[in-house]
Amino acid sequence: MKELKDVLKFYKEIGASFLEIKYIDPKEDLNDLNKEIKSCTKCPLYENKKNYVTGEGSASPEIFFIGEGPGATEDQFGKPFIGKAGQLLDKMIKKMGYSRESVFIGNIIKCRPPGNRDPLKEEVEACLPYLKRQINILKPKVLVCLGRVAFNNLMGGSYSINKVRGEQFEYENIPVIPTFHPSYILHQRTKENISKAKWAMWEDMLKVLDIIKDQKA
Ligand code: URA
């Protein structure tokens, strides 16, 4: 078994993704994974980034919030969701009774795409295994996908966020709740629409709290 694991690990290291190897080390450590992410050259995005944004938060979070990828502020400081969208996310997290430090916040891709465009298929293919390994290490009670890009790339699909938000899905036996991306909320044209979208996200967060409550019961 050990030999097989070594072989699979070797294939993974040389990037033999065509073999569809799903080797995940059950005892992997978050610090080691972060080190690996910070030396990643698997897609061209590393060339122009200022910082890798690995993700941050508790090492045993109940909730793992997954965004799309770092924006300009996140790229500058190497931390996820610290710009305007992050401030809204922080407020939601507080309102849920948590702190930023007690949850985990990460992204589908760890390097900023130019002009904040959607990540390309090759970029996601290169980076998504890192997120999956983070999930495997952290074992959260719920995954919250912030927006269409996070949800579709984690779950594999091309759904409209309006269709799926607030519904419960599952990734590797972990409940997944998709909701609006905070930037989408902030980009609504009228105050009324901003407030409607915030309420919708809050309703989704109440579902997250219910799932956690049920798991603890
Ligand atoms: N938007 C994201 O999707 N992720 C971040 O880290 C910041 C903004």
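Which polar backbone atom is 2.7 Å from an oxygen atom of the ligand? Select glutamate 68: a polar backbone atom of this residue is at that distance, 2.7 Å, from a ligand oxygen. The model is a predicted one, in which local features need pLDDT of at least 70, side-chain atom pairs count only at pLDDT 80 or more, and totals for chains, interfaces and linings use all residues. Residues are numbered from 1 along each chain as its sequence is written, and side-chain values use heavy atoms, with hydrogens and water left out.

Next, select glycine 69, where a backbone N or O atom lies 3.0 Å from a nitrogen atom of the ligand. Then select asparagine 107; one of its polar side-chain atoms is 2.8 Å from a ligand nitrogen. The protein buries 93% of the 240 Å² that the ligand exposes when taken alone (accessible areas by the Shrake-Rupley method with a 1.4 Å probe).

Now show the shell around the ligand: Gly67, Glu68, Gly69, Glu74, Pro80, Phe81, Asn107 and His181. The shell divides into 2 nonpolar, 4 polar and 2 charged residues, with Gly counted as polar.

Move on to the aromatic side chains. Select Phe151, Tyr159 and Phe169, which ring pairs link into a cluster (rings of Phe, Tyr and Trp, its six-membered ring, pair if their centres lie within 6.5 Å). The count by this rule is 4 aromatic pairs.

Finish with two charges over rings (NZ of Lys or CZ of Arg within 6 Å of the ring centre and within 35 degrees of the ring normal). Lysine 49 lies over the face of tyrosine 52, 4.5 Å from the ring centre. Arginine 165 lies over the face of phenylalanine 180, at 5.5 Å from the ring centre.

Definitions and conventions:
A residue is near a molecule or strand if one of its heavy atoms lies within 4 Å of it. A polar contact is a pair of N or O atoms within 3.5 Å; within protein, one must be able to donate a hydrogen and the other to accept it, and residues adjacent in sequence count only if both atoms are side-chain atoms. Rings of Phe, Tyr and Trp (its six-membered ring) pair if their centres lie within 6.5 Å; planes under 30 degrees apart count as stacked, over 60 as edge-to-face and the rest as tilted.
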